[in-house]
Amino acid sequence: MFARVSPHRARHFYHQVRPLDCELANESPEHHLLKLELATAARAAGFRAELEVANGARTWRADVLVFDGQDRPFMALEAQLSPMTPQDAQERTDRYAGDGVAVCWVSVEKRPWERCVPSLRVAPPRSRGDAWTVRYGMARYTWAAPRTVKAKSAWTHISCSLDEAIRWILQGRVHSHIGPDGTVWWTAPSYIQLAVVRARLEADAEAVMQEAAVERRRQAAEWRAAAAEQRRRAAEDRELAAEEQAQEQRAEQKRLEGFFEHAGMQAALWPAFMHLVRSASGKTVTCGNQSPAHGGGLLLYSRQHEASAFQLAGVVCPDPSALAQWPANLTILVPGRAWLPRIEAAARSPLKVAVLDPVTKRCAYERVGPRP
């Protein structure tokens, strides 16, 4: 055998001619040295560790198989430097588990399977005397104080020596744990318990938020139902008020049938005529009865505000023959300008005439005097 240095700076011996019966003939020096490091770490932790041990059914062969105090195999340490798919890693892990043996996969490079099975990613020593170092696979859970839901928390990977990691794993001080994103790593039970407490707090907070959201939706539904009921009642009130107003208008028009016939005014135009009267006066106006003393005209009363009394303010469509001695301050209201010649012909003194056309919605005030 001869000494040499591998491309990865591993010092080792090699056969000048590879013998057929050598168990190590088909593995790289890096793989063999990593197996030796794993076995040495396991033995340093107080456990018996053997290389290249297979089960009775030959369904698996461990690089390093570790035995417990009763000399039962319980942990396989696999130096996995060759390519392997995540599916292969899971299947091989399950085969170990079928015999009650846990497994830790160890690599020196980032591999696609290291997130789905218990594993360690290690770095070889940089110089003589240095130790192998774990770069990925060991994690701790940090939760900032005070430990509330709003406080920051995270799983963070830690570095340690390979000897420490193997000792912690074999002594049960760390366990494989599946994180929230499905990643598998090694961590202490206290960190797992801390993460569980945080998860419970988050679940409780989420439940409270959901209950609050349900309560808000219930209150919103009640408010919408109350608003709909209020709108329905308001619509009924409007319909009732409109019906009452229509009944009042019908009763008023029934009462004024004689006046409409006297004035030659259509009953349908009367609401528009009264709207013009109220708009033009700016006061509260109410109708009285036909007055024989005012030429059969309809008396209109008005008041400035609620506290004042109604006073006679005008007469609608009086008979022109009754205008001989008309009060100077009493306004005559007519529905069209066709009334003006008739009033002028009968006037004995200047008269105030308000022309309120319910068809054109126009208002005009005229001062009509007697003809010369």
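These entries record what I looked up in a predicted model.

**Conventions**

I number residues from 1 along each chain as its sequence is written. Because the model is predicted, local features need pLDDT of at least 70, side-chain atom pairs count only at pLDDT 80 or more, and totals for chains, interfaces and linings use all residues, while side-chain values use heavy atoms, with hydrogens and water left out.

**Entry on S107**

I began with S107, which I found in strand β6, residues 102–107. Strands are DSSP runs of E with at least two residues, helices are runs of H or I with at least four, and both are numbered from the N terminus. Is S107 buried or exposed? I noted S107 as buried, because its relative accessibility is 1%. The classes are buried under 20% relative accessible area, exposed over 50%, and partly exposed in between, with a 1.4 Å probe and protein chains only.

I then looked for the surroundings of S107. Leaving aside residues up to four places away in sequence, S107 touches Q80, L81, W113, E114, L120, R121 and V122; contact here means heavy atoms within 4.5 Å. A polar atom of the S107 side chain lies 3.0 Å from the backbone oxygen of E109.

**Entry on salt bridges**

How many salt bridges does the structure hold? I recorded 19 salt bridges, each a side-chain nitrogen of Lys or Arg within 4 Å of a carboxyl oxygen of Asp or Glu.

One of them joins the side chains of R61 and E52, at 2.8 Å from N to O. R61 counts as partly exposed, because its relative accessibility is 37%.

I next turned to R250, which forms a salt bridge with E243, the closest N and O atoms being 3.3 Å apart. R250 is partly exposed at 47% relative accessibility, and E243 is partly exposed with a relative accessible area of 37%.

I also looked up R255 and E252, whose side chains meet in a salt bridge at 2.7 Å, N to O. R255 is partly exposed at 36% relative accessibility, and E252 is partly exposed at 22%. About one helical turn separates R255 and E252, because they are three residues apart in helix α4. I noted as well that E229, R232, R233 and E236 are joined into one network by salt bridges that share partners.

**Entry on L201**

Lastly I located L201 in helix α4, residues 189–255. L201 is partly exposed, with a relative accessible area of 32%.

Conventions
A polar contact is a pair of N or O atoms within 3.5 Å; within protein, one must be able to donate a hydrogen and the other to accept it, and residues adjacent in sequence count only if both atoms are side-chain atoms.
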